[in-house]
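This report describes a protein chain for a reader who is new to structural analysis. Please look at the sequence and the structure before reading on.

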Amino acid sequence: MKANQCGTMAEQKRFTQGWLTATQRPQCGTCKLSEQKFNNPDSPYESVTYRCTLGDFATGKTAICNQYEVKTQ
């Protein structure tokens with residue numbers, strides 16, 4: 001699904017509402033205040049954990065708070 005000003009009727013309605021997909025929404029995984037830790041990087045059981053550097057606590061990738069700042073690359 002997508003939101004598009006010139007797309008289908010449903011896409012135009014999504015665009016008008018400011019609709020966002022899950023990956024477009026703000027989340028800790030795209031916040032400049034978070035850091036990722038790769039656990040067992042050379043293993044088939046690799047996992048990633050996220051940590052908020054502002055509050056110094058573990059968090060989930062899709063969590064969000066009112067201190068969110070876009071991560072610039």
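The model is a predicted one, in which local features need pLDDT of at least 70, side-chain atom pairs count only at pLDDT 80 or more, and totals for chains, interfaces and linings use all residues. Residues are numbered from 1 along each chain as its sequence is written, and side-chain values use heavy atoms, with hydrogens and water left out.

**Overall form**

The C-alpha atoms fill a box of roughly 45 × 30 × 20 Å along the principal axes. The radius of gyration of the protein chain is 16 Å, whereas a compact globule of 73 residues would have one near 11 Å. This radius is taken over C-alpha atoms, and the globule rule is 2.2 Å times the number of residues to the power 0.38.

Of the 73 residues, 18% count as buried. Buried means under 20% relative accessible area, exposed over 50%, and partly exposed in between (1.4 Å probe, protein chains only).

T59 lies in strand 3, which covers residues 57–59, while T49 belongs to strand 2, residues 47–52. T59 counts as buried because its relative accessibility is 18%; T49, at 37%, is partly exposed. Contact means heavy atoms within 4.5 Å. Neighbours within four places in sequence aside, T59 is in contact with C28, Y50, R51 and C52. T49 and T72 are 23 residues apart in sequence, and their C-alpha atoms are 20 Å apart in space.

**Cysteines**

How many disulfides does the count come to? A disulfide is a pair of cysteine sulfur atoms within 2.5 Å, and by this rule the count is zero. C28 is in no disulfide, and the nearest cysteine sulfur, that of C65, is 6.0 Å away. C28, one of the contacts of T59, is buried, whereas C6 is exposed.

The table lists the relative accessible areas of these residues.

| Residue | Relative accessible area | Class |
|---|---|---|
| C6 | 70% | exposed |
| C28 | 12% | buried |
| T49 | 37% | partly exposed |
| T59 | 18% | buried |

Definitions and conventions
Helices (H or I, at least four residues) and strands (E, at least two) are DSSP runs, numbered from the N terminus.
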